[in-house]
Amino acid sequence: MGKREDSFAQTVAEVVQRHAPDFDPATMEMRPSSKGNYLALTCTIRATSKLQLDNLYRELSSHPMVKVVL
């Protein structure tokens, strides 16, 4: 989840693709917050290792546009 900005979804998709090259950004689900200030994104990947997930989590959670990673 992050602030609703024009490039937020594209930025998250690029990060996810770095760690899961077979991720298709067209499958990303987007839900705006009730007031429209934030955007929740759901990216479904097929993980191949715990290390892959840990690295993806670290990069997403340290990105300045991202507020929360679950």
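Which elements each supply at least two residues of the lining of the largest pocket? In this predicted model, the elements that do so are α1, β3 (38-42) and α2. Of these, helix α2 gives the most to the lining, with 4 residues. The largest pocket holds about 450 Å³ of space. It is lined by 19 residues, and those closest to its centre are Leu41, Cys43, Leu60, Val69 and Leu70. By class, the lining comprises 16 nonpolar residues, together with 2 polar residues and 1 charged residue.

Leu70, one of the residues closest to the centre of the largest pocket, is found in the segment after α2 (50-62). With a relative accessible area of 99%, Leu70 is classed as exposed, because the cut-off for that class is over 50%. Leu70 also takes part in a nonpolar patch on the surface, which it forms with Met1, Tyr38 and Val68. Together, the four residues of this patch present about 440 Å² of accessible area.

The C-alpha atom of Tyr38 is separated by 4.6 Å from that of Arg4, although the two residues are 34 positions apart along the chain. Arg4 itself is placed in the loop between β1 (2-3) and α1, and at 48% relative accessibility it counts as partly exposed. A further pair involving Arg4 is formed with Ala47: these residues are 43 residues apart along the chain, and their C-alpha atoms are separated by 27 Å.

Side chains of opposite charge can pair when their charged atoms come close. The structure holds 2 salt bridges. In one of them, Arg18 is paired with Glu59, and the closest N and O atoms are 2.4 Å apart. Arg18 is exposed, with a relative accessible area of 52%, whereas Glu59, at 24% relative accessibility, counts as partly exposed.

The other salt bridge joins Asp54 to Lys50, with 3.0 Å between the closest N and O atoms. Both residues of this pair lie in helix α2, where they are 4 residues apart, about one turn of the helix. At 26% relative accessibility Asp54 counts as partly exposed, while Lys50, at 61%, counts as exposed.

Ser49 is located in the loop between β3 and α2. This residue is partly exposed, its relative accessible area being 32%. In sequence, Ser49 and Pro25 are 24 residues apart, and their C-alpha atoms are 21 Å apart in space.

Technical notes: Residues numbered from 1 in each chain as written. Predicted model: local features only at pLDDT ≥ 70, side-chain atom pairs only at ≥ 80, totals over all residues. Heavy atoms only, no water. Patch = residues over 30% accessible without salt bridge, like charges linked within 9 Å, V, L, I, M, F, W, Y side chains within 5 Å. Areas by Shrake-Rupley, 256 points an atom, 1.4 Å probe, with all protein chains shown as cover. Salt bridge = Lys/Arg side-chain N within 4 Å of Asp/Glu carboxyl O. Buried < 20%, exposed > 50% of the residue type's maximum accessible area, 1.4 Å probe, protein only. 1 Å grid on protein atoms, 1.4 Å probe; cavity = no way out; pocket = protein on both sides within 12 Å on 5 of 7 lines; lining within 4 Å. Points joined across faces, edges and corners; volume = space filled by probe spheres on them. Nonpolar A, V, L, I, M, F, W, Y, C, P; charged D, E, K, R; others polar.
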